[in-house]
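Hi,

Here is the structure I promised to pass on.

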Amino acid sequence: MAINTGGMDIAVIGGGVIGLTSAIALAEDGHRVRVVSRDAAGATTSAVAGGLCWPYRIRPYERAVRWSVRSFHVLTALARRPEETGARMVTGTMTDATDDGRDTHPGDRPDDDLAAWYDAVPGLRRASAEELPEGHAAGWRARTPLVDMPAHLRYLERRLSAAGGSVERHEITSLTGAGRRADVVVNCSGLGARELVPDPDVHPVQGQLVIVENPGIEEWYVSADTGSADTTYVLPQPYGVVLGGTARENAWSREPDPAVAEAIVARCVRRFPELAGARIREHKVGLRPARPAVRLAVERLPDGTPCVHNYGHGGAGVTVSWGCADEVLRSVRALREGDGPRGR
């Protein structure tokens, strides 16, 4: 890829999926990009994510659906090279989280905020009664990207490097400080934005999961209501089956709770009895960077450096990553056309 040396110097704060995709979009547009992250990509919250491309716990809905559809198409293309990119197309079922037969799943109502997502996914259809687990009256069947996040993050880092970008490992304590060698700062600090911006609206939604050996499960399954603290999902990955999960608001602990893990496995076994006795490989906990609404906007830092904020994606980081990256790129292009690089 030819690298345009006439671009801007851009510092992207955060090395998870949001930061890396934003950095790639900018580097492939000809900008000189460096990602600054305290943690290696494999140690970020993104690496713990289940990796299903489906909007979950993210607002505003209209923009989230638009970002999700864009990412769906990018990840579908990447799924043609699963060993390289970590993305695969996998069929599965999405149901509501009730067990009393009520038809409450998002998208079942004509006025649902996510209806545009259901309209946009190719081949998505209502599940037949035979395809639904006992106790569920409604659900959807779809073939969607399912991403092996550790592998995908490694792919993103390679792609960034190929575009001329770089990654630095150190902690950022000030956005203004990060911008001293940059024309633009892109803030993809996730949960770190709570202190870095500071933004008290950013808070964790704790997610615990269990990884077990795969007894032969080939399809994904999710039963999750947006407001529920407990969810059920089964995601077959190359490294094992990811069993989940939880969504505990304002819980900061990263230590797996044995009782919670036991309950997760029990819920998943009720749906897939063949999981009973599957050897546990690993317990994981991640803190989703939640916010009442994603902040994707431009502001000026105290020293005048423009900062594009891109954080607060909750449980939908990989799902909206490429759509948000496109919007970051549009913002930077507008800055360049309107103001040009600031003097250093």
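At what angle do H2 and helix H9 (residues 317-338) pack, and how far apart are their axes? The angle is about 105°, and the axes are 6 Å apart. Before I go on, some housekeeping: this is a predicted model, in which local features need pLDDT of at least 70, side-chain atom pairs count only at pLDDT 80 or more, and totals for chains, interfaces and linings use all residues. Residues are numbered from 1 along each chain as its sequence is written, and side-chain values use heavy atoms, with hydrogens and water left out.

**Helix packing**

Two packed helices are described by the angle between their axes and the distance between the axes. Axes here are lines fitted to C-alpha atoms, for helices over the stretch in contact, with angles from 0 to 180 degrees between N-to-C directions. Helices (H or I, at least four residues) and strands (E, at least two) are DSSP runs, numbered from the N terminus.

Back to that pair: H2 and H9 are packed at about 105°, so they are roughly perpendicular to each other. (Under 35 degrees counts as roughly parallel, over 145 as roughly antiparallel, 65 to 115 as roughly perpendicular, and the rest as oblique.) Residues making the contact include Trp67, Ser71 and Leu75 of H2 and Val318, Trp322 and Cys324 of H9; contact means heavy atoms within 4.5 Å.

H9 also meets H1. Their axes come within 8 Å and cross at roughly 40°, so H1 and H9 are oblique to each other. The crossing of H1 past H9 is right-handed. (A crossing is left-handed if the near helix is turned anticlockwise from the far one by less than a right angle, and right-handed if clockwise.) Among the residues that meet are Ile18, Thr21 and Ala25 in H1 and Val320, Ala325 and Leu329 in H9.

H1 (residues 17-27) has another partner, helix H5 (residues 149-162): the two pack at an angle of about 25°, with their axes 9 Å apart. H1 and H5 are therefore roughly parallel to each other, and H1 passes H5 in a left-handed crossing. On the H1 side the contact includes Leu20, Ala23 and Ile24, and on the H5 side His152, Leu156 and Leu160.

**Aromatic pairs**

How many aromatic pairs does the structure hold? There are six. (Rings of Phe, Tyr and Trp, the last by its six-membered ring, pair if their centres lie within 6.5 Å; planes under 30 degrees apart count as stacked, over 60 as edge-to-face and the rest as tilted.) One of them is Trp54 with Trp220, an edge-to-face pair at 5.8 Å centre to centre and 65° between the planes. Trp54 sits in the loop between strand E2 (32-37) and helix H2 (61-78), and Trp220 in strand E9 (residues 220-223), so to speak 166 residues away. Both Trp54 and Trp220 are buried, where buried means under 20% relative accessible area, exposed over 50%, and partly exposed in between (1.4 Å probe, protein chains only).

Phe72 and Trp117 have ring centres 6.0 Å apart and planes at 80°, so this pair is edge-to-face as well. Phe72 lies in helix H2 and Trp117 in helix H4 (residues 115-120), so the pair ties together parts that are 45 residues apart in sequence. Phe72 is buried at 3% relative accessible area, and Trp117 is buried at 0%. Leaving aside neighbours within four places in sequence, Trp117 is in contact with residues including Cys53, Pro55, Val65 and Val69. Ring pairs link Trp54, Phe72, Trp117, Tyr118, Trp140 and Trp220 into a cluster.

Most residues other than glycine have a negative phi, and most peptide bonds are trans. In this model the peptide bond from Val197 to Pro198 is cis, with omega near -10°; Pro198 is in the loop between helix H7 (193-196) and strand E8 (203-212). Another cis peptide bond joins Gly244 and Gly245, with omega about -10°, and Gly245 lies in strand E11 (residues 240-246).

Arg57, not a glycine, has a positive phi of about 50°. Arg57 is in the loop between E2 and H2 and is buried, with a relative accessible area of 16%. Asn250 also has a positive phi, of about 60°, and lies in the loop between strand E12 (248-249) and helix H8 (258-271).

Cheers
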